[in-house]
Structures are given as structure tokens and as C-alpha cells.
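Here is a short report on selected features of one model. Keep the sequence and the 3D view open while you read.

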Amino acid sequence: MKKEFIKKNYPLFVGFFVPVTIMLGYFIYRGMYPFGKSSLLTVDLGQQYVDFFAAYRDTLLHDPTKIFYSFSKAIGGEMLGEFAYYLLSPFNLIFLFFKGKTLTAGIMLVTLLKYGCSGLAMAWLLQKRNKKTRLINSALAVTYAMMGWFVANQFNLLWLDACVFLPLIIVGFYNLMETAKPACYVLFLGFMIIVNYYMAYMICIFLVLFFIWYAFDNFETPKIMLKKAAIFVGSSLLAVGVGCLTLLSTLYTLSVSKGQYMQEKISFKLEYDPIKMVSKLTMGAFNFDQLPSGQPNLFISSLALFSFCLFFFCKKIKLRSRITAFLITCFLIFSMCFEPLDLFWHGMQFPVWYPYRFSFIVSFWMIFLAHTALSKRSRQTRIFLTVPGILYAGVIIYVAINLKKFSFASKQTLIISAVFALLTLILMSLTDKLLDLDSKDFLLLIVVIFEMSINACMSLNNLSYLTQKEFADPTKTLAQDKKALDSLDKSLYRVNSLYCRTKNDGLAQNMNFGSYFSSALEKSIPDFYGQIGNPDGDNYVAYTNGTLITDGLLDMKYLIQPKDSAEIEQPKTDLNIVSERPDAAEYNLVKETESTRIYRNPYSANIIYASNRSLLNQKILYNDPINYQTSWLNSATSTWPSTRYFYPCNFNEVIFQNTPKQVNLTNSSFKKIKRSKEAKIIFKFTPKTDDSYYITLGPCLNSDNVTWYRGNRLLNHYGTFRHTVVINVANHDKGNEIVLTARFKKDSLWLNNFVLYQLDTQAVLNKLEQVKINSLTNMKATSTLIKGDLSLDSNQMMATTIPYNKGWHLTVDGKSTSIIKIQNTFIGAILSSGKHRIVLKYVPPYLDIGCIVSLLSCGLLLVICNFSRLKKRIFVKWC
């Protein structure tokens, strides 16, 4: 019985185990952990996703409420949208069994399973369509699992589920159309929407196109077509209803994050010369340069490519079906080079890196049509095979002529591509007299396996990867700091770390570091960071440029400073130092670990505090962080608005090398005198007090344009920023000369917003002490619930540094109270004077409605699936 089952369904086993075996062999060959010193971590997998996976594990095992909200997301933010985009794949449950440095082994296992399950799903679909072409089904299943898009995006693990679910959804689609049974289609599509709404959106667009093709291929009359269209639309809406479990909350998240960056102006233009697209049909057509910008990844096996071409010449397939398929193919090709359609497929936003993310659908379409053609193939295909043969020869010649334009192409890759194409053409053209059909199909399967394997190796060899040590050592240090902080303090607070592995270290280690990197980051957060002088971007923030003021007001209660390598007896890791804070001397050293020192900030306020109502009028001040911080502190302490804490200072001496001297420095432009020689400006000053000194750097003074030094060493600071940042350069340095050097990276340099400031340290600390006294007391807090007591004077209000979100609900003395948005960022409330019991509770917006819609949709699906049975029972009882 088992042998018979395997014999009938071996394409399913081939579809799963062949891709897994190929990629496992490659990973072992490359020495990926646990088989060597390297890892699969590269690009976003190493800089973003691995931290999300660590947070996923911690959340499910220790604090499930963080599915909804986390203060480890920058300075706080909702998490359901993040889970919906990054973490709801069922494969992620595997990460529960991998902790710390072993997480990279879990990533390998998940990657292999997604390769295998994609091939398995495709094999199942092809078996459903034609059980007689089992060897061909196997070959095309391997092609699908190992296609160029999958290999090029294997580190984007969150997208790979789309390749697993797309064939399953198409199986459900056929069940819906042929048997009017919606369960498979609705559940698979609904589950895909829950798992990853972004890729599900692309699949939904394709399903409309697929239905159009299916309708012209199968329906004879407009009446039948309209009836089936109604069934298709109704079932699709029902699937969306099932997906509302997370979809409605996610849509709210998008409205305050990615939705704020919708493309307003659309250019009706081609994004590149479309002929370049054919270069991606050759082997090894992928490298690092293709990640930020490039052509869509379209490589499929020669068998699939040539058979796809044969589809349009196959007379056994209806002419209207071929014409419709041709028009859809043209639309898909046009979508991959015409800006408005490209935007449409990506939700009206240009992708940040990884262009043409929907091209997996194009590859699926080509493979599916190839299978249709091979299922109806004639044994005499030599004449028709000359067309794709000539076309592919043209592709090889075009890429060879323009070899310098394609950094991923070489003579070697073109020769290997041509060899496999020729082998495939020869095998496909052999008659039954020379080779029987089963033998031919078996040889084609072998050719496909080798072709897809070599393509994967050549493509992935073009990328570099983090070593296991580069991941494991900082992770170990972070875990030690986490353990140390937990032993010191169990309350809710934020931490300023002067080193990092990634911006999501805090998320991975369940520490509130203030830095974050995500595609779903609320727009108000980077806007706020840009105002207080910290690096920000559309999808990231980095709390690397804190001052005494921002540390105090944002409740940065602890500061972690890495030790110098000379202080460590046996240096085991090089920590990535992203900031230096001489003003940490104002804090108290409370703990030391093997690699770091931990300081307590005695001036940090609570995240909820009493503020003067003038905070309601806080102005938005981009590129003026000094005045923003001053105004914030004055409002929080009911201080006269004109009170200052930062005082501009002059440099004692400025030395110009290979650039003309100028008296005015701030916002002045400097050019090299001799372009071939190095140019630099040296700034010297000697602090007259032990106060903190800061410099401000405008966005033109980032690492692309200048390298900064303090003395003879590099100035540690986060070099990428788009607004003016504040950098601490001195503290307790009275009488010591400080030397700052700006080395030109280009022929000119603009000292954009470059100013040296002295801070009135004692005045600031006195004000922060005042804010601390007026903060929430008796506080108890979790990720989604904060309780405590707050006393207000007549002119005060409740202020917080909790980012505003509709999900927060405020109860004051047992009564529901409205919240308002202050500083265009945070939660606030106007309350009466006196002592109040404050309760803040977070419930994801629209989650309740989404759950109701999802349950009703599932109930309706259950009724529809059992309608005939229920109808029969009711009829029997009535009789």
C-alpha cells in the first residue's frame, strides 16, 4: 500500500525533497551554521528579521501581550501590524526551539522547509491538473521551488510563504470553479491574508487575472461567465472576511505608518529599457547590485521557459485561451517596467530595495502555462521548438554584446546557460522512435535539477554573509546586559545603549533601547526623532544622540557603555560603537559586565508626568534640535519660554588645509584648492567649565560627505541622518583642549548647521529633578497596562512619552477620559488639579470588529459548505 502510494504521488516527494537536498548541500558546502563558521544572515535577514524572530520567541514564551504593544519598538508602538507583516507565518513556530546564537540554525531549517513546501505545493497543484505527466510535474515543481525569485529572496523569509500558498490557492480556485466548493479557496486565501497581507495583496490581483483567463478558456456563454464571476467575487470577499482577524487592525497601522508615504505623483514612463529584462532569463543573473535596484528575477528552467513559449503555438489549446494568456502575459511584462503598474502591484509605494517583488507571480504564471502546454503536447514539436530556440539564442547574444551593462553576467554564465538550453531543446525534440516519452521526461527532470542547482549556487555565491561569530558575540553581550538590568530594575524604563549590532537589538532582547527598523514604523516617530537631533528615516530611528535633556524627559533610566578593548583581558568581540557620551559622567555607575558598564540616570522622569499646558503649543522644529529640546524642557517645568540652556561657543582655533580660510563657519561652503589632495578643517576649543559641550551637524555633514575625528581617532557617531543631529563631544574637560577634524570625502563641504554649544548642566539637572518629582508614582506597568498616581496643579496637564495611538484608553479615578495628541507624537490629557489615579490600557484598534467579521465569515463559509445537507434535513423534517 505504501509503495503504491509513493508510486502514484512521487512528484510530491520529489517536489519537497529535491529542493531541500539541493539547498542543504549548498549550505553545508558554504559552511553555514551549524555546519561551519558562516551563517545565512545577510542584508535584511541579518539586520532586521533575525531580531524579529528572537522577539517572536520571547513574546510567545514569556509575554503574549507584546503581540499587541511593545515599548521595545523605538519608544513604544503597536505590534499587531508588525506581526501581520513579519511574524505570522506558521513556519515561525519552529523558532520556539532555537534560542540565542542557535537562532541562525532555526533560520536555516525554516528556509529549507519553505523551499520544500513550495515545491510540494506546486507538485500537488500540477498533480491535480494532470496525473499522467508525473515526471514533468516533478520537473516543474523543482523549477518553481528553485526559481530565480525564490533564490534571490531566500533571506526575505516573510515573503516566501506566498510561494507556498499560491499553488494551494489555485487548487482551491479550481475546486471553486469546477465543483462549487469554496472551502479550500476561501481558507487558503484567507489564511494567506492573515500570514502576510502584503504578498496576499499581490496574489489577489493575480487571481483576478487568472479568473479572466480561466473564464475565456472554459465558459461558453456570458451567462455562465457572470454566474461564475459572482461565485468568484463572493468567495474572494469571504476570504477577505476571514482575513479580517488581523486585517482591520493592520489597515489602521498602515494609515499611520507606510500609508503616510503614499506616492502622490505618478510618472507615466518606463522605468528602464524593457529589453534588459531578458538578461534575467540567463543563469546566475543575481548579485548585490540587484538588491537596491535592478530588473525582476525571472529565471526558470529551460524546460519551463520553452514550454511556456510552446503554449501559444499549441493547437490543442483553444485560440481564445492562448490570446487571453498572451494579453495577460503582456500586462505582467508591462507591469515590470511601467511605473504606474509597478506602483499598483506594490500598493502605491515604490519598494525600498528588492524591486518587482511580485515577479514570483510572473514565474508561477509561466510555469503553469508551461505545464498546460506539456500536458497537451504533440509528439512532433521540432518545428515549434525552433521559435523559443531562436529567441533564447537572441537573449544569449544580446547579453554577450552588452556584457558590461550586466554586472551579474559573464561569459561563463552565458555558456552554461546555452549548454542547458541546448540540452533541453535536444531532449524535447527527440521522437518516440529515438527515445520513449518516460525516458525523455526522466532525462528532462535530471537536466532541470542540475540547471536549477547550478543557478542557485552561482546566484548565492554573489552575496556575502555574516559569520556566526559576528552574530553570536554581540548577542551574548546583549544578553549579559539584559540579565544585569533585570537584576537591577524590574520596572518600565528606557535604555540608551552606545553600541549595537542592529537597530532592533532592543526588540530582540526585550530591552527598550529607543532604536528601531521596520517597514511599518509610525511616521510620527521618525518625525519626532528628527526634531530632537537623533538619526531617522522613513523606516528607522536610532537613539544614538541623546543629551541630558532627552535622556531625562524620555526616561532613559540606564546607559550602557562598552569598555575599551584594552580593559578586557580576553577580547572576544568587537562591538559596533554607535555613539559616545562624555556626559555619562553625570550618571551613576551601577553595574559592570564582561564587556560593558551600566550607568543609572538619576534625573530620568517617568514616562507619565505633570507638565505645563504650554506643552500643547510645542512647535514642530526640524533641523533645530537645540531650540526644540529647550522649549520642551521649559514647557514641562512651567519655566519662562525665553529661558536658555545651550549657549553657542566659538572655537579657539580653526586650521584650514587645502581649502580657503573663512571667518564664518556655520552654513559656509568650502572647496578643495587642489582636488587631487586631501582637504580637512581642524576645530580646536578648550572648555572653560566642566559642563557638557555639544556640536550640531546638519544633514549635509553625514558620512557620505565627511569623516569626523576627535583627536587622532574616529568620532563614534551614527553617520546616516536626514535632519540636524546633536553630538556630545566633551564633559568634565575643563582646561583640556578638544580637537575635532572634518576630512572632506568630496571636492566640497558645506558646514550645514555646524555649531558648538555649551550646556548649562546644573540648570538642566535642576529642571529634570523637578519633572521627576512631578511624575507618576506607585506605578505598575506591563506592555499594555500602566497604572499609577499623578498630582496636578491648576495650570498643569498629564503629559507622556507614550506615542499616540487610538488603541490607548485612559481612565482617571475610575472614569473614562479622552486622550489628546501632544507634540504631534505623544499621548496627553487635560485633567483637573489634584491627585488622580491613572489607568492606561491598550487594545488594538478594530481588533474586536476584525474578530467578529472573521468569525461571521467562517460561520457563513460553514453554512455554505453544508447548505445542501442542511437543506435536505430541513426538507425531510418539513415533510
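Are helices α5 and α17 roughly parallel or roughly antiparallel to each other? This is a predicted model, and the angle settles the matter. Helix α5 covers residues 134–145 and helix α17 covers residues 437–460. The two pack at an angle of about 10°, with their axes 9 Å apart. Angles under 35 degrees count as roughly parallel. α5 and α17 are therefore roughly parallel to each other.

**The helix contact**

Which residues of α5 meet α17? From α5 come Leu135, Ile136, Ser138, Ala139, Val142 and Thr143. They meet Asp438, Asp441, Phe442, Leu444, Leu445, Val448, Ile449 and Met452 in α17. The residues of this contact divide into ten nonpolar, two polar and two charged.

**A three-strand sheet**

Strands β4, β6 and β5 form an open sheet, in the order β4-β6-β5. The pairing is antiparallel. Strands of a sheet pair through backbone hydrogen bonds, either parallel or antiparallel. The edge strands are β4 (516–517) and β5 (536–537). Each of these edge strands pairs on one side only. Two bridges join β4 to β6, which spans residues 540–541. Tyr516 stands opposite Val541 in β6.

| Strand | Partner | Bridges | Direction |
|---|---|---|---|
| β4 | β6 (residues 540–541) | two | antiparallel |
| β22 (residues 777–781) | β23 (residues 785–792) | three | antiparallel |
| β23 | β29 (residues 834–842) | eight | antiparallel |

How many residues make up the hairpin that joins β22 to β23? The hairpin runs through three residues. Ala781 has Ile786 in β23 as its bridge partner. On the β29 pairing, Gly788 stands opposite Ile838 in β29.

**Backbone exceptions**

Most residues other than glycine have a negative phi, and most peptide bonds are trans. Some places in the model depart from that pattern.

Start with the peptide bond from Tyr33 to Pro34. That bond is cis, with omega near 15°. Pro34 sits in the loop between α1 (2–29) and α2 (43–62).

Next comes Asn778, in strand β22. Its phi is near 55°, a positive value in a residue other than glycine. Is Asn778 buried or exposed? Residues over 50% relative accessible area count as exposed. Asn778 has 53% relative accessibility, so Asn778 counts as exposed.

Gln823 also has a phi near 55°, a positive value in a residue other than glycine. Gln823 lies in the loop between β27 (820–822) and β28 (826–829).

**Cysteines**

How many disulfides does the structure hold? The count is zero. Cys184, for one, is in no disulfide. The nearest cysteine sulfur to Cys184 is that of Cys865, and the distance is 10 Å. A disulfide would need the two sulfur atoms within 2.5 Å.

Are Cys184 and Cys500 buried or exposed? The cut-off for buried is under 20% relative accessible area. Cys184 has a relative accessible area of 19%, so Cys184 is buried. Cys500 has a relative accessible area of 18%, so Cys500 is buried.

Terms used: Residues are numbered from 1 along each chain as its sequence is written. This is a predicted model: local features need pLDDT of at least 70, side-chain atom pairs count only at pLDDT 80 or more; totals for chains, interfaces and linings use all residues. Side-chain values use heavy atoms; hydrogens and water are left out. Axes are lines fitted to C-alpha atoms, for helices over the stretch in contact, and angles run from 0 to 180 degrees between N-to-C directions. Helices (H or I, at least four residues) and strands (E, at least two) are DSSP runs, numbered from the N terminus. Angles under 35 degrees count as roughly parallel, over 145 as roughly antiparallel, 65 to 115 as roughly perpendicular and the rest as oblique. Contact means heavy atoms within 4.5 Å. Ala, Val, Leu, Ile, Met, Phe, Trp, Tyr, Cys and Pro count as nonpolar, Asp, Glu, Lys and Arg as charged, and the others, Gly among them, as polar. Two strands pair if DSSP finds at least two bridges between them. Buried means under 20% relative accessible area, exposed over 50%, partly exposed in between (1.4 Å probe, protein chains only).
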